[in-house]
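Subject: The model we talked about

Hi,

Have a look at it first, then read on.

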Amino acid sequence: MAQTRALKVIDAGAPVAIAAPRRGQLTIRSLSKRFAGEVVYDRLDLDLPLGALISIFGPNGCGKSTLINMISGLAPMDAGQVLYDGRTIGETNISYVFQNYREALFPWLRAIDNIHYPLKVRGVKRAERTRRVEALLAEFDVRFDLSAYPYTLSGGQQQTVSILRALVTEPEILFLDEPFSALDYEMTLSMREQLQKLFVGRAITALLVSHDLEEAIQLADKLVLLSRRPTRVAEIVDVGLPWPRASEVTTTPAFVALKRRCLDIFWREVRGAPGSA
């Protein structure tokens, strides 16, 4: 995994004006969102390094999925601006892996045709589509029947198809919204390791929302810890563990100490202890 760039959090009270974008950064400025009159985000400012794996973790209902939905363009912001290396969302090649893979896949298309679909929509010729799909399949070491329809596959196999479909467009930014939460534990551990194989050496930025702190740490260069509503960044933790990270890494002293630190921050925010306001 390539080394990520230094990361800076900017005070949410900073001026609204957009500063000149710095190369290699995801820049969020004055992002605001309300639901039913309740403030979720209020002028959130944040810089994150492109080319990194970034996990987002926080208390239930703090707006983790809402955040990536807004910065990916799937949900509207009430106010604010998002720039990827100075470019807007519409000017950036983005893919998204949804939590509910059963609804995300087209049941009337075979698994292999689901993977081809985004390239077909973009007008990529069949020969080039086939080349790119076959290269991706070889890298991911897929060992189940892709001529099958999604509803005949297991949950892990369906989510694998969803991830492959998202990656086949060679996105600059990949969003993953709790991609393994509907899988059993054994399959979840396997998928975490499979996902790492695809990211190592790729010039891709991934933003992963997870409700599992262990998963959030294992799959990240940087871990963004969010507060309760109105949501702000409580802390950004540099994970700093070597890649790849097999499941055994979660029992090492370095991992356990890092998880303890993150849990302390999490409980501080949940309980509203002094210093969390």
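One term before the rest: a polar contact here is a pair of N or O atoms within 3.5 Å, where one must be able to donate a hydrogen and the other to accept it. Please also keep in mind that this is a predicted model.

With that cut-off in hand, take Q159. A polar atom of the Q159 side chain lies 3.2 Å from the backbone oxygen of F98, so the distance falls within the 3.5 Å limit. Q159 is part of helix 5, and it is buried, with a relative accessible area of 0%. Apart from residues up to four places away in sequence, Q159 touches V97, F98, Q99, Y101, P179 and M191.

Now the overall picture. The protein chain has 277 residues, and 52% of them count as buried. Its secondary structure comes to 8 helices and 9 strands. Of the contacts with a separation of 6 or more, 70% are between residues 24 or more positions apart.

Where is the largest nonpolar core built from? Helix 3, helix 4, helix 5, strand 6, helix 6 and strand 7 each give at least two residues to it. This core has 36 residues, and the ones with the most contacts inside it are I115, L146, V161, I163, L174, L176 and F199. Helix 5 makes the largest contribution, with 5 residues. There is also a second, separate core of 29 residues, which includes I56, V82, V209 and L226.

Helix 6 got a closer look. It covers residues 185-199, 15 residues in total, and its first and last C-alpha are 21 Å apart, close to the 21 Å expected at 1.5 Å a residue. D184 caps its N-terminal end, with a side-chain oxygen 3.2 Å from the backbone nitrogen of E186. The buried residues in helix 6 are T188, L189, M191, R192, Q194, L195, Q196, L198 and F199. Among the elements covering them are strand 3, helix 4, helix 5, strand 6, strand 7 and helix 7.

The C-alpha atoms of E193 and R245 are 7.3 Å apart, although the two residues are 52 places from each other along the chain. R245 turns up again over the face of W243, at 3.7 Å from the ring centre.

That brings me to the rings. How many aromatic pairs are there? The count comes to 7. One of them joins F57 and F266: the ring centres are 5.5 Å apart and the planes are at 50°, so the pair is tilted. F57 sits in strand 3 (residues 53-57) and F266 in helix 8 (residues 253-271), so this pair ties together parts that are 209 residues apart in sequence. Both F57 and F266 are buried. Ring pairs also bring in W267, linking F57, F266 and W267 into a cluster.

Another pair, F106 with Y117, is edge-to-face, at 4.8 Å centre to centre and 70° between the planes. F106 lies in the loop between helix 2 and helix 3, while Y117 lies in helix 3, so the pair ties together parts that are 11 residues apart in sequence.

Last one, helix 1 (residues 64-71). Is it enclosed or open? Of its 8 residues, 6 are buried, so helix 1 is largely enclosed by the rest of the structure. The buried ones are K64, T66, L67, I68, M70 and I71. Helix 1 is followed by G73, which has a positive phi, near 90°.

Cheers

Note on methods. Residues numbered from 1 in each chain as written. Predicted model: local features only at pLDDT ≥ 70, side-chain atom pairs only at ≥ 80, totals over all residues. Heavy atoms only, no water. Phe/Tyr/Trp six-rings, centres within 6.5 Å; stacked < 30°, edge-to-face > 60°. Helix = DSSP H or I, 4+ residues; strand = E, 2+ residues; numbered from the N terminus. Buried < 20%, exposed > 50% of the residue type's maximum accessible area, 1.4 Å probe, protein only. Lys NZ or Arg CZ within 6 Å of the ring centre and 35° of its normal. Expected span 1.5 Å × (residues − 1). Contact = heavy atoms within 4.5 Å. Core = buried A, V, L, I, M, F, W, Y, C linked by side-chain atoms within 4.5 Å.
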